[in-house]
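This report covers domain layout, the interface between domains, nonpolar cores and annotated positions. The sequence and model follow.

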Amino acid sequence: MEVLWLAQEEVKSVMDMHSDMQVVERAFRQHGLGKVQMPPKSYLYYTAYNGDLRTMPAYLEEEDITGVKIVNVHPGNPTRNLPTVMALIILISPETGAPVAIMDGTYLTDIRTGAAGGIAAKYLARKDSKVIGLVGAGNQARTQLESLCEVYEPESVRITSRTKESCEQFIRDMADIVPCEIHYEESIEKVCDCDILVTTTPSRKPIVKASWIKEGTHINAIGADAVGKEELDPEILLRAKVIVDDMIQALHSGEVNVPLSKHYISENDIHAQLGEVMVGLKPGRTSEEEITIFDSTGLAIQDVATAHLVYERAVREGLGRQVRMF
């Protein structure tokens with residue numbers, strides 16, 4: 001039996017944000033209709049090395065595609081010339097359980113996370129949104145902005161991060177992708193003066209204050225994806241309509257996890273899952289003044305749907321190499 005092996009450059013060569021947003025949106029719709037199997041991601045914590053490992057299986061029943069992602073987060077890796085996040089995805093035949101393809105999931109993770117942010121803004125942000133604010137200047141910020149430009153035509157983008165240098169590099173890298181100027185701001189408060197705010201930091205304490213968020217803002221809260229991570233002042237959650245990607249996973253590791261554990265908010269303060277809003281089971285934004293929050297933890301259905309898109313295109317273009325298993 002042979003398995004198709006796809007390296008990162010091969011994965012990159014067949015991926016684009018527009019196409020991925022289509023397959024990820026379809027996956028969220030299936031999630032909203034209860035037509036997926038997806039246990040919450042499981043964690044192994046390597047406290048001695050300030051890192052963790054996560055496994056993320058999913059089965060999209062309507063499309064009959066399944067697989068699992070294995071992904072790490074080690075913030076100290078850049079000092080070893082390794083990415084902070086590395087991932088491997090295995091696509092599996094639902095009929096036999098045999099592996100069909102093994103591919104790099106690192107770049108794929110960035111794209112599918114960005115895709116979810118753009119989709120969330122499509123359903124939750126104001127239709128006249130023109131100003132985008134970014135807190136964080138890493139890979140996640142790049143794909144978040146790219147996906148937002150698929151949905152909106154921003155007139156201005158504001159960005160801040162821990163260093164001015166990282167923002168300047170971001171501005172250079174995104175110049176040909178974004179149809180407007182990107183401005184560096186020294187403070188998070190200035191960045192929060194926007195229509196759509198995106199936070200992509202690994203913070204473990206609130207860095208966005210409630211007093212900085214104006215009425216009508218939509219927030220994509222991306223950075224909190226593990227126990228103890230938190231980017232937003234809990235008061236913002238009480239003022240906002242909070243939509244999570246997956247309820248069980250968000251309670252454990254999303255932006256809501258710390259406020260819940262400290263009893264600042266309750267599960268009743270979480271309005272809906274994104275898929276439920278998309279298929280009309282729950283309302284999304286109901287006024288121009290409403291603050292909306294998308295709490296993204298990253299779902300295995302996003303990985304499997306995206307990996308299947310990559311696999312189909314790679315087969316069509318004759319990419320990768322067949323590896324004999326047994």
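The chain is divided into domain 1 (2–109 + 301–324) and domain 2 (126–298), with bounds that come from an automatic or database domain assignment. This is a predicted model, in which local features need pLDDT of at least 70 and side-chain atom pairs count only at pLDDT 80 or more, while totals for chains, interfaces and linings use all residues. Residues are numbered from 1 along each chain as its sequence is written, and side-chain values use heavy atoms, leaving out hydrogens and water.

The C-alpha centres of domain 1 and domain 2 are 24 Å apart. Contact (heavy atoms within 4.5 Å) joins 18 residues of domain 1 to 25 residues of domain 2. Between the two domains about 1700 Å² is buried, 62% of it from carbon and sulfur atoms; this buried area is the accessible area (1.4 Å probe) that two parts lose on being put together, summed over both. Met17, Phe28 and His31 supply 29% of the area that domain 1 buries against domain 2, more than any other three residues. The rule finds one salt bridge across this interface, where a salt bridge is a side-chain nitrogen of Lys or Arg within 4 Å of a carboxyl oxygen of Asp or Glu. Arg54 forms a salt bridge with Asp225, with 3.1 Å between the closest N and O atoms.

A nonpolar core is a set of buried Ala, Val, Leu, Ile, Met, Phe, Trp, Tyr and Cys residues joined through side-chain atoms within 4.5 Å. The largest has 46 residues, and those with the most contacts inside it include Leu60, Leu274 and Ile301. Domain 1 and domain 2 each give at least three residues to this core. Another core, of 25 residues, lies apart from it and has Val135 and Cys194 among its members. Beyond its neighbours within four places in sequence, Ile301 is in contact with residues including Phe28, His31 and Leu60.

An unreviewed UniProt entry places the feature "binding site" at positions including Gly223, Asp225 and Ser296; such annotations may be inferred rather than shown by experiment. Two of these positions are tabulated below, with buried meaning under 20% relative accessible area, exposed over 50%, and partly exposed in between (1.4 Å probe, protein chains only).

| Residue | Relative accessible area |
|---|---|
| Gly223 | 10%, buried |
| Ser296 | 3%, buried |

Gly223 lies in the loop between strand S13 (218–221) and strand S14 (230–232), and Ser296 in the loop between strand S17 (292–295) and helix H11 (300–317). Helices (H or I, at least four residues) and strands (E, at least two) are DSSP runs, numbered from the N terminus.
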